[in-house]
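Thanks for coming, everyone. I'd like to walk you through one model this morning, so please have a look at the screen.

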Amino acid sequence: IAIACAFFFFQIQEVLIGVRTVTNILKPLLYGAVIAYLLTPLCNKLEKKLHKAFAKKSERIKKMLSFVAIIISLIFALALVWMLFMLIIPQVWKSIMKIVDMLPGKIEIVSNWINNMLRDQPELQLYFDTVCKQLETNVDSLLEADFAQIIPGISGFLGGISVQVIGVFNGFKNLFLGFLISAYLLASRKLFAAQAKLILHG
């Protein structure tokens with residue numbers, strides 16, 4: 001045990017990378033399991049109502065009705081996710097625009113407060129003016145810089161944006177695969193339940 005603990009301690013970085021890799025691979029399965037677990041009560045209720053409405057139909061029709069119950073449950077979940085996105089995204093955008101609109105006024109208030117505070121402190125006022133002039137110089141030099149000098153900064157900025165875009169795309173991909181896996185799990189839920197009872201009571 002001591003050797004295992006020492007190995008884990010000294011190789012913790014590699015262990016964390018391995019755990020993160022396995023987690024990323026299993027994300028669609030985890031999403032699917034959670035979605036199927038949440039939708040199982042709704043799916044069971046829909047299936048029961050459909051079977052009750054078509055009680056005299058053949059087993060083939062009843063299997064089709066079970067499939068219809070799964071489709072309706074998944075459509076309900078997708079609609080719920082879409083509604084949440086439509087509620088959250090406009091609010092986030094509105095908050096960002098509000099912050100952007102308020103920023104100039106807040107900067108002016110802070111600047112006036114600093115000027116009033118430093119009015120009786122000439123040394124601090126001189127230091128503050130020096131810092132402001134240095135910032136202005138840096139901004140002017142950045143604006144007047146050659147395009148070749150700006151390219152590395154632009155590349156880094158675009159690289160950061162691309163990483164975020166890829167992350168969002170992977171999130172949607174995992175969610176889509178999760179819905180597909182949840183459909184399979186919902187379709188096989190009775191078989192899994194029977195196997196679980198067999199294992200527990202066997």
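What share of the 202 residues of the protein chain count as buried? It is 13%, where buried means under 20% relative accessible area, exposed over 50%, and partly exposed in between, with a 1.4 Å probe and protein chains only.

A word on where this comes from. The model is predicted, so local features need pLDDT of at least 70 and side-chain atom pairs count only at pLDDT 80 or more, while totals for chains, interfaces and linings use all residues. Residues are numbered from 1 along each chain as its sequence is written, and side-chain values use heavy atoms, with hydrogens and water left out.

Now the fold. The protein chain has six helices and zero strands, and along the sequence that reads α-α-α-α-α-α. Helices here are DSSP runs of H or I with at least four residues, strands are runs of E with at least two, and numbering starts at the N terminus.

Let's turn to the charged pairs. How many salt bridges does the count come to? Two, taking a salt bridge as a side-chain nitrogen of Lys or Arg within 4 Å of a carboxyl oxygen of Asp or Glu. In one of them, Glu 47 meets Arg 189, at 2.7 Å from N to O. That pair links distant parts of the chain, with Glu 47 in helix α2 and Arg 189 in helix α6 (residues 189–201), 142 residues apart. Glu 47 also forms a salt bridge with Lys 190, whose closest N and O atoms are 2.5 Å apart. Because Glu 47 lies in helix α2 and Lys 190 in helix α6, this pair ties together parts that are 143 residues apart in sequence. Shared partners join Glu 47, Arg 189 and Lys 190 into one network.

And how covered are these three? Glu 47 is buried at 6% relative accessible area, and Arg 189 counts as buried at 12%. Lys 190, on the other hand, is exposed at 52%.

Next, the surface. Ten residues make a nonpolar patch: Phe 76, Leu 80, Leu 84, Leu 87, Ile 88, Val 92, Trp 93, Ile 96, Met 97 and Val 100, with about 970 Å² of accessible area together. Patches take residues with over 30% relative accessible area and no salt bridge, joining like charges within 9 Å and nonpolar side chains (Val, Leu, Ile, Met, Phe, Trp, Tyr) within 5 Å. The areas are Shrake-Rupley values with a 1.4 Å probe, and for residues only the protein chains shown count as cover. Phe 76 lies in helix α3 and is partly exposed at 48%. Val 92 lies in helix α3 too, and is partly exposed at 43%.

Last stop, the largest pocket, with a volume of about 300 Å³. Of its 15 lining residues, the closest to the centre are Ile 35, Ala 77, Val 81, Leu 175 and Phe 179. A pocket is an open set of points on a 1 Å grid over the protein atoms alone, where a 1.4 Å probe fits, with protein on both sides within 12 Å along at least five of seven lines; lining residues have an atom within 4 Å of a point. Six of the lining residues come from α3.

How values were computed:
Grid points are joined across faces, edges and corners, and a volume is the space filled by probe spheres set on the points.
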